Amino acid sequence: MAATPSTTKPEFPWWLAAALALALAAAFAIASSDLYAEVFATVAKGIGITVFVTAVAFALASVLGLGIALMALSGSQWLRQIARFYVEIIRGVPILVLLFWIAFAGAPAFVAAWNALAAPLQSAGLIGELLVRDVSLLWRAIMALTIGYSAFISEVFRAGIQSVERGQIEAAKALGLSRAQRFRLIVFPQAIRMILPPLGNDFVAMVKDSSLVSVLGVADITQIGKVYAAGSFRFFETYSIVAYIYLILTVGLSLALRALEQRLRRQHQE
């Protein structure tokens, strides 16, 4: 007779207690020091840009990644090959290199193509000529993160969709549900439980990788910290505050995503 596994008492999150203690100590140091308070107030101005870049790029990357995943699972061999080509090529390029390429090669190419297609409308005076400087560095950075992360997110969606039992899809097909209805009512609600944890990891990773946009001069947390440190020579204090803010964002997001994952697991068990 096989022994049933004993239920273990959940471990107390000592790591979280230690992290909270460090966060409170850092908050006290910031509040009690004029220097740290000044650095924090300056660097914190970039939080809005960091959150905006991350949220917009991740939303666009999720939509694009889902489309690529559906192409990879389609019945068309050409669509599957195009999706695999996209994923393998994009995943093989570092995010920083992709950022530079989109900003300084992709954007000018896009502007040239747009002007070529819109030449009749421009000649008629209906629209003006698009210039490279009209495409802001902020949106170039967002598009680079979107393209870079869409390849990874598409694999997350693909694996989650393939985890759904084939028998349920066949049963839904036998009931007369269309392909879109099968995906919306049967496949996606079950796949989301598998997709959410790695998707959350990608979201946290994008928060950190959003710091790369500072190389384009976008005024995020890292860029403002870099400018402040270069002007004040307070490198230790500045980058300590930068690291502190990123830790607050990433650890807070990780805890929120873990709570959501546990809630979905409990709902599934009920």
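**Exercise 1. Classify Arg84 by its relative accessible area, then describe its salt bridge with Glu155.**

Step 1. Arg84 has a relative accessible area of 31%, so Arg84 is partly exposed. The classes are buried (under 20% relative accessible area), exposed (over 50%) and partly exposed (in between), with a 1.4 Å probe and protein chains only. The model is predicted: local features need pLDDT of at least 70 and side-chain atom pairs pLDDT 80 or more, while totals for chains, interfaces and linings use all residues. Residues are numbered from 1 along each chain as its sequence is written, and side-chain values use heavy atoms, leaving out hydrogens and water.

Step 2. Glu155 and Arg84 form a salt bridge, with the closest N and O atoms 3.6 Å apart. The pair links distant parts of the chain, 71 residues apart: Glu155 is in helix H7 (residues 137–162) and Arg84 in helix H4 (residues 77–91). A salt bridge here is a side-chain nitrogen of Lys or Arg within 4 Å of a carboxyl oxygen of Asp or Glu. Helices are DSSP runs (H or I, at least four residues), numbered from the N terminus.

Step 3. Glu155 has a relative accessible area of 15% and is therefore buried.

**Exercise 2. Describe the salt bridges of Arg91 and Glu237.**

Step 1. Arg91 pairs with Glu88, the closest N and O atoms being 3.2 Å apart. Both residues lie in helix H4, three residues apart, about one turn of the helix.

Step 2. Arg91 counts as partly exposed because its relative accessibility is 33%. Glu88 is also assigned to the partly exposed class, at 40%.

Step 3. Glu237 and Arg234 meet through their side chains in a salt bridge of 3.7 Å, N to O. Salt bridges that share partners join Arg84, Glu88, Arg91, Glu155 and Arg158 into one network. The structure holds five salt bridges.

Step 4. Glu237 counts as buried at 14% relative accessibility, whereas Arg234 counts as partly exposed at 38%.

**Exercise 3. How do the axes of helices H2 and H10 cross, and which residues meet?**

Step 1. Two packed helices are described by the angle between their axes and the distance between the axes.

Step 2. The axes of H2 (residues 34–43) and H10 (residues 221–232) come within 9 Å and cross at roughly 135°. Axes are lines fitted to C-alpha atoms, for helices over the stretch in contact, with angles from 0 to 180 degrees between N-to-C directions.

Step 3. H2 and H10 are therefore oblique to each other. Angles under 35 degrees count as roughly parallel, over 145 as roughly antiparallel, 65 to 115 as roughly perpendicular, and the rest as oblique.

Step 4. From H2, Leu35, Glu38, Val39, Thr42 and Val43 meet Ile221, Ile224, Gly225 and Tyr228 of H10. Contact means heavy atoms within 4.5 Å.

**Exercise 4. Locate Ser210 and list what Ser210 touches.**

Step 1. Ser210 sits in the loop between helix H9 (179–209) and H10.

Step 2. With a relative accessible area of 1%, Ser210 is buried.

Step 3. Leaving aside residues up to four places away in sequence, Ser210 touches Thr50, Val53, Thr54, Leu145 and Asp220.

Step 4. Between Ser210 and Glu155 there are 21 Å in space, C-alpha to C-alpha, and the two are 55 residues apart in sequence.

**Exercise 5. Is Asn115 buried or exposed, and which residues does Asn115 touch?**

Step 1. Asn115 belongs to helix H5 (residues 95–117).

Step 2. Asn115 counts as buried because its relative accessibility is 14%.

Step 3. Not counting residues up to four places away in sequence, Asn115 touches Gln122, Glu129 and Leu130.

Methods
Helices (H or I, at least four residues) and strands (E, at least two) are DSSP runs, numbered from the N terminus.
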